[in-house]
Amino acid sequence: MLAIVVLCFITAISLLFFGNYIKKNAAFGLTFLPLAGFVYFLSKLPQITNGNIVTESYNWVPSLGIQLTFRLDGLSLLFALLITGIGTLVFAYTSNYLKENDHLDRFYGYLSVFMAAMLGLVLSDNLISLFVFWELTSISSFFLIGFKNSSATSRKSALRALTVTGLGGLFLLAGALTFGTIADTYSFQEILNGSIDFTQHPLYSLLLLFIFGAAFTKSAQFPFHFWLPGAMEAPTPVSTYLHSATMVKAGIYLLLRFSPVLGQHEYWQLTLITIGGITMIYAAFHTLFRTDLKGILAYSTIAALGIMVFLIGIGTELALTAALTFIVVHALYKATLFLVTGTIDHEAKTRDVTQLAGLRKVLLPVAIAGFLAAFSNAGIPPFSGFIGKDLIYEAGLHSFQPVLLIVVAVITNVLLAYAGYLVGIKPFIGKLPEKFEKIHLPSPLLWFPPLLLAVLGLLFGIVPKLLVSLVNPALQETFIGANLVQLKLWHGFNLVLLLSLVTIISGLLLFYFLKPNNDLTKFIVQFQTISPLGIFEKIGILMTKVSLLWTNFFQNGFLRNYVLTIILVISFLIGYNLFFNAKFLWDFSTILSVTNYEIGILSVMLVAILFTVFTSSRLTAVASLGVVGYAICLLFVFYSAPDLAMTQFTIDTLTVILFVLVLYRLPKYLKLSENKKRIRDGFVALVFGGLITILSLEVIQEPMNNETGKFYAENAYLLAKGKNVVNVVLVDFRGIDTLVEITVLAIAAIGVFGLLKLRIRNN
Amino acid sequence: MKTLILKTASGYLLPVLLLFSVFILLRGHYLPGGGFVGGLVASIAFVLHAFANGLENTKNLLRIHPGFLMPFGLAIAFISGLAPMFLYDLPFLTGIWFDEPLPVIGMVGSALFFDTGVFLVVIGVTLTIIFTISESA
């Protein structure tokens, strides 16, 4: 498994070097990457169906208990097959769809990184590595949404998606850390098999908040759903792959994973049912107001995700079976519809459903795929969509609140059936407009993948055993003690069948009577300011403004203000601490008597300081400051710190040189600030100096705890073979500190170089 | 500041100061000194030369931009830290030593290489900053 994930990353990196060659000659060849993964995972299917689990474990950060453990169980396999299976078709489709694009190599690079991340996500057993892969999917999605980086809306949508899903990523990290703290392990299996009952834990609601925060943002649940329609700016293969079939289902995956741990609790059920229910209805209604095919599909995807969350919320064995079945069924028909839309867009150069008609005459195989997918979406027997819808109704009927939930589910499904007809059927029926007559059937790469998916959707319905082999192992992981799944097309005449019929027919009626038009879109735009999108944008603008004010206040570009701020803050902290903790019991007898040398040096310092403050020439000020520095050097010498003295001496020399170099540019006379400001600065300086003095006196009174010093003195020669303790500390005991310090120095030098050189060049 | 005395003196002082800086670097492990101070002394030697002979002459003398010393020094310091990992499977930056003392220099270990790295980085940083500022002045 590691090999596959790593192979995807290697492919992505190698595209940097061989991208030009590959995009011109061998773009289709890249399809073998997901295909290999698909074959591998398919070969594991019998093993997993028999209840075995494949694990691979590698040490990653053993000191923090972070393992790179890949664990292939039923649930992972279901997702891995979706990722690699639909990935194969999308890779093939793209090789033709974006044939003309200059950055096709880049696109495949992002797509490979995404596939690696998504596989890592569903295979990870360790919560921290799960988080890393989770973030990686957000990042690759950012690049893919912003793929047309010359378009401003594209960039904005990418950024919005990254903000929302990135926010969710932080929730996931917090959740992982909380789990790690409670259970003392980051391994999901150990958490699951451990003895802790998380639903009874005092931090249960916090855990729920974190996991829900992650899942709802990623899976576009209300009120975080708005990034998904924006993400439709990406090329259609991306929408198919990331924003319908796989990535947006990462949140669903997370909820399913944590179902056995956090589920079966009132909070879990009520939150998921409420949020899922709102999302379903809200998004399904929104499909009515769209005329862009991808817009319709985006909202119907959100609604479908809502249904999944809703089912996980109900949480019964039946509901989870329904959720898992729906994931497969939905991926099949929704991916088909997306690919069909892509082909229409590619050939007809429009996605406006009001203009599209009669395309069956020129794009027959695409039309067949569209029809099949629309039927499956509407839940017409014997398509797999029928089984999916059946299970949803059955789960709703057997829940604790059947009437309400069924009403919500039926309304949503009717609207979704309408949306499916609109995308899969409407463009192909009616009279072919003149402008579309020149369209020819494109390369099979653009119609075979959707057709294959659509036929699979039909096949899974006719032979439900295929579905069972996927769903059953996954259910065993999500519902403890689940029975063997039984899926059938025909359940006899019952309420569920009636509901299905109502859905199909109402959808058809809606399709027949309601004609999509642009007025409806205009109508919904009015509400944008009070929609979640509008509110989030306003928060974003507000944050920018606040941070601008904040930054301009503190980072105002005047060195004197920075120094003043720093000194004031430190004075406040020291003063606050001294006020409450200082004892003021100074015993001056412990302090050594002052020698004549020291008095001499101090008086030199004092004179030099006064000179610095009151001189009217900059050069004198700098030179006197240098005198102060040298006087301090002498003090170091007296207190037997020759290393410090040497360093201070050279540093002081260089500082004076630097100052002189800079001052050379400034006017000669010195009238830096008004008297008022000088008095203020003098006051601040005196206060700060006074506080430091008090602090030093306080410190001296404390009993000396010099264990560290002793350790270094005793061990410098024994362990590091050096007699100069200061140097041994620098190069050996605290070598890493020094290494980082010299790195920082180098960065600072590069900064100075860059800033000044750039300015010289600009002038 | 092109006075004849300073100019003549700097010509003699530069090699002496550089030798002195290396001396400070080498004695660091046993007596006051070390890479940091040594590097500063070496930088001062070049700055003095620049004052006396002009920046251009010093740059010609150096041949390469002093900035190149930074990655070079960082690399030496880093490699001296990696060496124990690869040679003896010890943690990063563990001190390792040659068994016999070298003539003149004395005991040589990874710490000396590390300190040499510090020495070079400090020269690179100081000279880059001072040269850049004086060029822009």
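## Exercises: a pocket and an interface

**Exercise 1.** Sort the lining of the second largest pocket into nonpolar, polar and charged residues.

*Solution.* A pocket is an open set of points on a 1 Å grid over the protein atoms alone, where a 1.4 Å probe fits and protein lies on both sides within 12 Å along at least five of seven lines; lining residues have an atom within 4 Å of a point.

Before going on: this is a predicted model, where local features need pLDDT of at least 70 and side-chain atom pairs count only at pLDDT 80 or more, while totals for chains, interfaces and linings use all residues. Residues are numbered from 1 along each chain as its sequence is written, and side-chain values use heavy atoms.

**Exercise 2.** Which residues lie nearest the centre of that second largest pocket?

*Solution.* Out of 35 lining residues, pick A:Pro229, A:Gly230, A:Glu233, A:Arg290 and A:Gly295.

**Exercise 3.** Describe the interface of chain A and chain B, then find its salt bridge.

*Solution.* Start with the contact (heavy atoms within 4.5 Å): chain A brings 39 residues and chain B 41. Next, the buried area, meaning accessible area (1.4 Å probe) lost on being put together, summed over both, is about 3,600 Å², with 80% from carbon and sulfur atoms. Finally, look for a Lys or Arg side-chain nitrogen within 4 Å of an Asp or Glu carboxyl oxygen. The rule finds 1 salt bridge across the interface; A:Lys757 and B:Glu135 form a salt bridge at 2.4 Å, N to O.

Key: Chains are lettered from A and ligands numbered from 1 in the order in which they are written. Ala, Val, Leu, Ile, Met, Phe, Trp, Tyr, Cys and Pro count as nonpolar, Asp, Glu, Lys and Arg as charged, and the others, Gly among them, as polar. Buried area is the accessible area (1.4 Å probe) that two parts lose on being put together, summed over both.
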